[in-house]
Amino acid sequence: MDAKPTINALASILEELGIPADSIKPGSFLYKDLQLDSTEGVEVSLALKRQFDVRVKLETRQDKTLAELCTLIDLARAQDVD
């Protein structure tokens, strides 16, 4: 599965929250690097649910990079297809 559409969609979601586009990189951590707060984490989770029909918990104590999050999304989508 090509991760490019997933990372692009995730970047759009983050940009809508006011995250500068130049900060959005595959290795960026959601909370540590992009400075999301817990409310924004919930907003990202809800947007992912709407866009991809997947549930992803974004807990602050288990910070994920954007690449890790894309992998989780793609795996959840692949399992849903099977």
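Visitor: Which residues have the most contacts inside the largest nonpolar core?
Guide: They are L10, L14, L30, L36, V44, L48 and L69. The core has 22 residues. Keep in mind that this is a predicted model.

Visitor: Which helices supply at least two residues of this core?
Guide: α1 (4-16), α2 and α3 each do. α1 gives the most, with five residues.

Visitor: Take L14. What is L14 in contact with, leaving aside neighbours within four places in sequence?
Guide: I19, I24, L30, L34, L36, V44 and L66. L30, L36 and V44 are also among the residues with the most contacts inside the core.

Visitor: Stay with α1. Which of its residues are buried?
Guide: T6, A9, L10, A11, I13 and L14.

Visitor: And how far does α1 reach from its first C-alpha to its last?
Guide: It reaches 18 Å, with 13 residues. That is close to the 18 Å expected at 1.5 Å a residue.

Visitor: What comes just after α1?
Guide: G18, with a positive phi of about 95 degrees.

Visitor: On to α2. Which residues are buried there?
Guide: E40, G41, V44, S45, A47, L48 and F52. Seen down the axis of α2, the buried residues fall within an arc of 165 degrees, so they line one face of the helix.

Visitor: How far apart are the end C-alpha atoms of α2?
Guide: They are 21 Å apart. The 15 residues of α2 should span 21 Å at 1.5 Å a residue, so the two values agree.

Visitor: What does a side-chain oxygen of D37 reach at the start of α2?
Guide: The backbone nitrogen of T39, to within 3.1 Å. After α2 comes D53, whose phi is positive, near 55 degrees.

Visitor: Changing topic. Where is D33 found?
Guide: In the loop between α1 and α2.

Visitor: Why does D33 count as partly exposed?
Guide: Its relative accessibility is 38%. Buried would mean under 20% and exposed over 50%, so D33 falls in between.

Visitor: What does the side chain of D33 reach?
Guide: The backbone nitrogen of F29, at 2.8 Å. Leaving aside neighbours within four places in sequence, D33 is in contact with G27 and S28. The C-alpha atoms of D33 and S23 are separated by 8.1 Å, and these two residues are ten apart along the chain.

Visitor: G27 and S28 again. What about T65, what is it in contact with beyond its neighbours within four places in sequence?
Guide: P26, G27, S28 and F29. T65 sits in the loop between α2 (38-52) and α3 (66-81).

Visitor: Is T65 buried or exposed?
Guide: Buried, at 10% relative accessibility.

Visitor: Now the whole chain. How many helices and strands are there?
Guide: Three helices and zero strands. From the N terminus on, the elements run α-α-α.

Visitor: What radius of gyration does the chain have?
Guide: It has 12 Å. A compact globule with 82 residues would have a value near 12 Å, so the chain agrees with that. Along the principal axes, the C-alpha atoms fill a box of roughly 35 × 20 × 20 Å.

Visitor: How much of the chain counts as buried?
Guide: 37% of the 82 residues.

Visitor: And what share of the contacts with a separation of 6 or more comes from residues 24 or more positions apart?
Guide: They account for 56% of those contacts.

Conventions: Residues are numbered from 1 along each chain as its sequence is written. This is a predicted model: local features need pLDDT of at least 70, side-chain atom pairs count only at pLDDT 80 or more; totals for chains, interfaces and linings use all residues. Side-chain values use heavy atoms; hydrogens and water are left out. Helices (H or I, at least four residues) and strands (E, at least two) are DSSP runs, numbered from the N terminus. Buried means under 20% relative accessible area, exposed over 50%, partly exposed in between (1.4 Å probe, protein chains only). Contact means heavy atoms within 4.5 Å. A nonpolar core is a set of buried Ala, Val, Leu, Ile, Met, Phe, Trp, Tyr and Cys residues joined through side-chain atoms within 4.5 Å. A polar contact is a pair of N or O atoms within 3.5 Å; within protein, one must be able to donate a hydrogen and the other to accept it, and residues adjacent in sequence count only if both atoms are side-chain atoms. The expected span of a helix is 1.5 Å times one less than its number of residues. The arc is that of the directions from the helix axis to the C-beta atoms. The radius of gyration is taken over C-alpha atoms; the globule rule is 2.2 Å times the number of residues to the power 0.38.
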